[in-house]
Amino acid sequence: MNKLANFYKLVLNENMKIYRRARTWIMLSILAIVSILMPFVFFMAGSQENPSVWEVVLLTMTFTFFMNIIFASVIAADSVASEFSWGTIKLLLIRPWSRSKILLSKYISVILFGILSTLMMFGVTFLFANIWFTYDVGSTGLISSSWSAMSYTLMILGCKYVELILITTIAFMISTLFRSSTFAIVLSLVVLFSKDIFLLLLNPDKYVWMKYVIFTQMDLKGYIDSPVGPGGSTLAFSLIVLAIYYICFLVLTWVIFNKRDVAT
């Protein structure tokens, strides 16, 4: 029980490092402001399609979640690399915690930030969508007829959160491996922006091996309307591929961090 309490304090300490920085609150504020403005813009536009609350939430979060992934990647990229750049890594490692616990506390803090930013963004969007719109089904065609509007929107949100976890884990790994937050941010954003280009150039229907590349399986929302994904993949196959990559990223991160010499 004492060990659990100590680990809780370690995670709390890592969260304090995140939220005491002005940059974190600026990013959260941007997400909140955009989540407020977009439903208002849709209302002022006065579209004849008359979207429902859930359609407005889906439209808004399609844009804001992209920003959310970028901001979460910035937090993840800075988590470990900043300790090296500030020279505080030695002070952290001389404390009575193992390297694995220190790294785990940092990773948990990154995940918690992603959860907080997602819930805040969804809550603000949902609240203001309710102010200006109704639950009457609109004619935008955004919501699949085979699902309720709420179920469809929440499933899309869940699929996007899987992408957030993967991108932030990549940023966290690069930050640990190369001790550079800038490189970690850039590389994770390259993955985020270029994955669709890879799929366009190397269609998995033509190149079978592309089914095993993480870019191909990151976007799970296609399975909501169809049981068959890129290159004939199934949802189970995509989840297994993503799980393997995810585990490999974490194992590589833990191995490098535990073996790294920080004396210099």
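The largest cavity holds about 40 Å³ of space. The model is predicted: local features need pLDDT of at least 70, side-chain atom pairs count only at pLDDT 80 or more, and totals for chains, interfaces and linings use all residues. Residues are numbered from 1 along each chain as its sequence is written, and side-chain values use heavy atoms, with hydrogens and water left out. A cavity is a set of points, on a 1 Å grid over the protein atoms alone, where a 1.4 Å probe fits but cannot get out. Its volume is the space filled by probe spheres set on the points, which are joined across faces, edges and corners. The count comes to 1 cavity of 30 Å³ or more.

The lining of the largest cavity consists of L58, M61, T62, T153, I156, L157 and K160. Lining residues have an atom within 4 Å of a point. Helices α3 (53-86) and α6 (149-178) each give two or more residues to this lining. The most come from α6, with 4 residues. Helices are DSSP runs (H or I, at least four residues), numbered from the N terminus. By class, the lining has 4 nonpolar, 2 polar and 1 charged residues.

T153 sits in helix α6. This residue counts as buried because its relative accessibility is 4%. Buried means under 20% relative accessible area, exposed over 50%, and partly exposed in between (1.4 Å probe, protein chains only). Beyond neighbours within four places in sequence, T153 is in contact (heavy atoms within 4.5 Å) with W54, V57, L58 and I143.

Helix α2 (residues 22-45) has 24 residues. From first C-alpha to last, α2 reaches 34 Å, close to the 34 Å expected at 1.5 Å a residue. That expected span is 1.5 Å times one less than the number of residues. Buried residues of α2 include M27, L31, V34 and M38.

The structure holds 16 aromatic pairs. Rings of Phe, Tyr and Trp (its six-membered ring) pair if their centres lie within 6.5 Å; planes under 30 degrees apart count as stacked, over 60 as edge-to-face and the rest as tilted. F43 and W132 are stacked, because their ring centres are 6.3 Å apart and their planes lie at 25 degrees. F43 belongs to helix α2 and W132 to helix α5 (residues 99-132), so this pair ties together parts 89 residues apart in sequence. F43 is partly exposed at 39%. W132 is also partly exposed, at 23% relative accessibility. F43 pairs edge-to-face with F133, at 6.2 Å centre to centre and 90 degrees between the planes. F133 lies in the loop between α5 and α6. With 10% relative accessibility, F133 counts as buried. Ring pairs link F40, F43, F128, W132 and F133 into a cluster.

How values were computed: On a 1 Å grid over the protein atoms alone, a cavity is a set of points where a 1.4 Å probe fits but cannot get out, and a pocket is an open set with protein on both sides within 12 Å along at least five of seven lines; lining residues have an atom within 4 Å of a point. Ala, Val, Leu, Ile, Met, Phe, Trp, Tyr, Cys and Pro count as nonpolar, Asp, Glu, Lys and Arg as charged, and the others, Gly among them, as polar.
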